[in-house]
Each structure stands twice: as structure tokens, then as C-alpha cells.
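Subject: Structure handover

Hi,

Here is the structure for your files. Please open it alongside this note. My findings follow below.

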Amino acid sequence: MFSASSATVLSSTRTANTRRPRGVARLAASVVASGLVMAGALTGAGGAMADEAPQHLGGATATLDGLKTFDTAVLHADGEEQKLPAGLFEMTVDGGGKFKTYCIDIHNPTQDRAEYLETPWSQTSLGTNKDAGKIRWILEHSYPKIDDLQALAEEAGTGPLSEQTAAAGTQVAIWRYSDDADVTASDKQAEKLADWLQTSATDTAEPKASLALDPAVVSGRSGERVGPVTVRTNAGQVSVTPPADSASGVRITDKKGKAVTTAANGSQLYFDIPAGAADGSASLTVQTTTSVPVGRAFAGATKSQTQILAGSSDSTVSASASATWAGKGAIPAVTAKKNCAKGGVDVTTSNKGDEAFTYELAGAEHTVGPGKSETVTVPVAEDQAYDFTVTGPAGFTRTFKGVLDCLTTTTSNDGLTTQTADQPTTTTATAGGSTTGVEGNLAETGSSNATPIIAAVAIGLVVIGGGGVFLLRRRKGQPSGE
């Protein structure tokens, strides 16, 4: 039962809430990038090779199965109308579990079988959307969280609702807040539901992560307990997996040095490093099964339409953290995360050693004194891949790769491959396989088989999904913004 992102892309920092003209769809030609969340290999203090940093810093990872429960809607843009599917996607969770999600990114495509990562609102378009809390309210007060359709219809005053029309009405209401879209449901009852949800919605706080470790990277001296790393979870208990290299003698303990194999929300974990241990690093993993909270955002590991969770079975979630240690000198710890408000990636470097740590990032040199930390924001163009490395003395390197996907819209069409409304479909594939519905195959979202879709790009075919992917010709001279 469902209970309810060494060729750094540098650009001038964009205004976080910039919107492109409605009806313009685009796909970055650089979708060959390897992932949305920061990942990389660390060559540690004193030149010792460290474990590879985790790609996902916490929560659930899932694969898109496609649009499963939907009806149709009509987008009104640039004096034109575009029919598109509107409803619920499904995802399969790595390690076990199922999700139901809605689209919060109407102008962008889904990628077939895309990998999705549980992501804080601040690292998606929701982070700069003043109406993000209203979207969560809609999720909490509509289908599938409310699965009694008769009761929902009575509350909303819609008349009879089916699963398909309830899903369509809910998606339409969400698009009005997530994308500021002028969109209506095709079905009369679904449209009444969308109107009721839109007018009733009130601001609701972002739900907490299903599982996270804070911070994800720590550093310290050998012969000490390095940490703490605090567990954040909605589950009652998580299992703790210690470093794989037991011969190193590194243990995972509590503050008093007692070995830890399980933990709970708020638990503090430490890496107990033996005295005299060679300079190096180690990692730990925590895992549990829980229901991920409705309203959690899910961003594609590659460029794929952002989703928001509408329902979750009990699902597998995990998080990892790493520690770096040395006997003397600088002992750096480097982390990175997207900063949608500033249009870039925040790289934070701390130094727990007794000497200053000097490093190079994006062509500039920085120094962090003993016991200090600093954050540098590397500007990255919206929808673009980035790949940059922090380098320091004694062979220290830390590489971060991803795609900055913070906006539902953008102002530039540079380097993109699109199709206009009068061009024919070039693929019969869909985001969810061969699913059929009101208008037949999902590749047929308009009134004819000539409905536009995104063309094939370097990594393979990108195809239409239920988030209403469409491509409309951009009008010359039309200003950006609303």
C-alpha cells in the first residue's frame, strides 16, 4: 500500500528564479554527464589513496518505470493549445520498494529508465519557488494519499472521480504552482479537482529526508575518534555497516568508544582511528527500510524531469559518510552540493590539521587555516554538465561531476536539439515503455501522431513522459520571464 548533478562549465551566475517563455522545451546537449549529485575520488592526506566518495549522500534511489495512471490536460501557451498526458508516474526503488510521483518540471523531458535520487528542495526548482509548500499540501490532500475517491470528490465538490481523473486533476494543480503553467484538465471533474486543490492549498513545510548523514565527510587525527556524523531519519532504527577494510583497525563507535552496529535518529557516529595508523580514509554506510515522506523531491541522475513523491511503500534507503585522517599537517575534508539560489555548486573545505591547506579550484588558489573552513560557489550554467577538481599538495584531488538542474524553465537555447510542432515524431518509445491510455501510446500526446518530442541525443533516445513534455516554437523577440 502506498502511504501516502577537468572541464568546468563556468558562466555568470544566473538569477535563481529566471523563467523561460512558456511553451519552450529544451534538453542540454551535454546530458552525457555522469550524475546529478556530487561524486568523485579522493586522494587523501599525505598522498594516500582514499575511497571513492558516494554518489548519493542519503535517502532513496529509484528507477523510473513510466507514467501509469493518467488522463489528459491542455497547456495554453503562446496563443496555442497543447494536449498532454497528466498523472502519476511509478518508480522502482533500488533494494526494494515502489514510489508514485508527480512531475514538477513540465517543460523538460523524462529519460527512459532514468535513475532518480532523493534530493533536498534547495537543490531543485522548489528551492526558489515560493509556492513549494502549497505543492506539498496538494499531495497530502489528494490522490493517491487520499485513496477514497468518493470522499475526495465530496470534499472537493467535483462529481465522480476515477483514479485517472483524480491523478490528472492533482497533476494539473501541481503544475500551476511548480511551473506557473496555464494548464487545464480535459475532464470536467478533474478540472474541478484541480481548481479546488489550487485554491485550498496552504504553505506546508518541506518533509525531512528519509535517511541522511550529517556531515557526509569528516576529518581528524589518527589515534582519535573522528566525527561526529549524525544520523537523520524517520525510521525507528538503521543498520550501520563499518569500513570494508577491517584490517585497518578502524571501528565505528559512539562518543564513548563503544562499537555501533545499529543507530536511530539523532545518533552520533564516530570513526575510531588507531594510534599510528597510516594516513588514509574510510567510509561507513547506514541502511534501513522505511516509508519515504510524501513531498520529497526526486532529481534525475542525468537530465530528466524532476519529480515529487506522492506515495511510498516501505522502501530501502541508505546513506554513506567518509573520514580522512593523518598524523600531522593539513587534514582536509571537502564536500559539494548544488546551490540553486546562487546558480552553482558550493564547495566546502574544512581543515582539522595543524597546518594551512592550500588548494586550487576552478583556476583560483585558496587557503584554509588550521581549524577553519570556507565555502566557494562555482558558477554553473543551468542544465549544463560540470566536472571540476579540487587539487592540493601531496597529490590531493577531489573531483565533482554533475548536472545543474535548478529551473523548470530557462532563457537560452544554445547547444540544444529540439523539434518544433510541425515536425514529425522520430521515435515510438515512451518514458514508461508501451503503456497506453486515453490517447493510446504516450508518444501520442496531441490530437494527431505528429505530436512533437525531443530528438535523440548522445546518450540515447530521450522520450516523452507524463510530465507533459512538449516542444513549441519560440517566438522571436519574446522576452524571458513571465
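This is a predicted model: local features need pLDDT of at least 70, side-chain atom pairs count only at pLDDT 80 or more; totals for chains, interfaces and linings use all residues.

The expected span of a helix is 1.5 Å times one less than its number of residues.

**Helix α3**

α3 runs over residues 163-178. Its 16 residues should span 22 Å, and the end C-alpha atoms are 22 Å apart, so the two agree. Is α3 enclosed or open to the outside? Of its 16 residues, 14 are buried, so α3 is largely enclosed by the rest of the structure. Just after α3, D180 has a positive phi of about 50°.

**α1 against α3**

Helix α1 covers residues 132-140. It packs on α3 at an angle of about 170°, and the axes are 9 Å apart. Angles over 145 degrees count as roughly antiparallel, so α1 and α3 fall in that class. On the α1 side, the contact uses K134, I135, I138 and L139. On the α3 side are T170, A173, I174, Y177 and S178. By class, that contact has six nonpolar, two polar and one charged residues.

**The sheet**

Four strands form an open, antiparallel sheet. The order is β9-β11-β15-β13. The edges are β9 (211-214) and β13 (251-253), each pairing on one side only. Neighbouring strands are turned by 30° against each other on average, direction ignored.

β13 pairs with β15 (residues 268-272) over three bridges, in the antiparallel sense. Which residue of β15 is the bridge partner of T253? That partner is Y270.

Best wishes

Key: Residues are numbered from 1 along each chain as its sequence is written. Side-chain values use heavy atoms; hydrogens and water are left out. Two strands pair if DSSP finds at least two bridges between them. Helices (H or I, at least four residues) and strands (E, at least two) are DSSP runs, numbered from the N terminus. Axes are lines fitted to C-alpha atoms, for helices over the stretch in contact, and angles run from 0 to 180 degrees between N-to-C directions. Buried means under 20% relative accessible area, exposed over 50%, partly exposed in between (1.4 Å probe, protein chains only). Angles under 35 degrees count as roughly parallel, over 145 as roughly antiparallel, 65 to 115 as roughly perpendicular and the rest as oblique. Contact means heavy atoms within 4.5 Å. Ala, Val, Leu, Ile, Met, Phe, Trp, Tyr, Cys and Pro count as nonpolar, Asp, Glu, Lys and Arg as charged, and the others, Gly among them, as polar.
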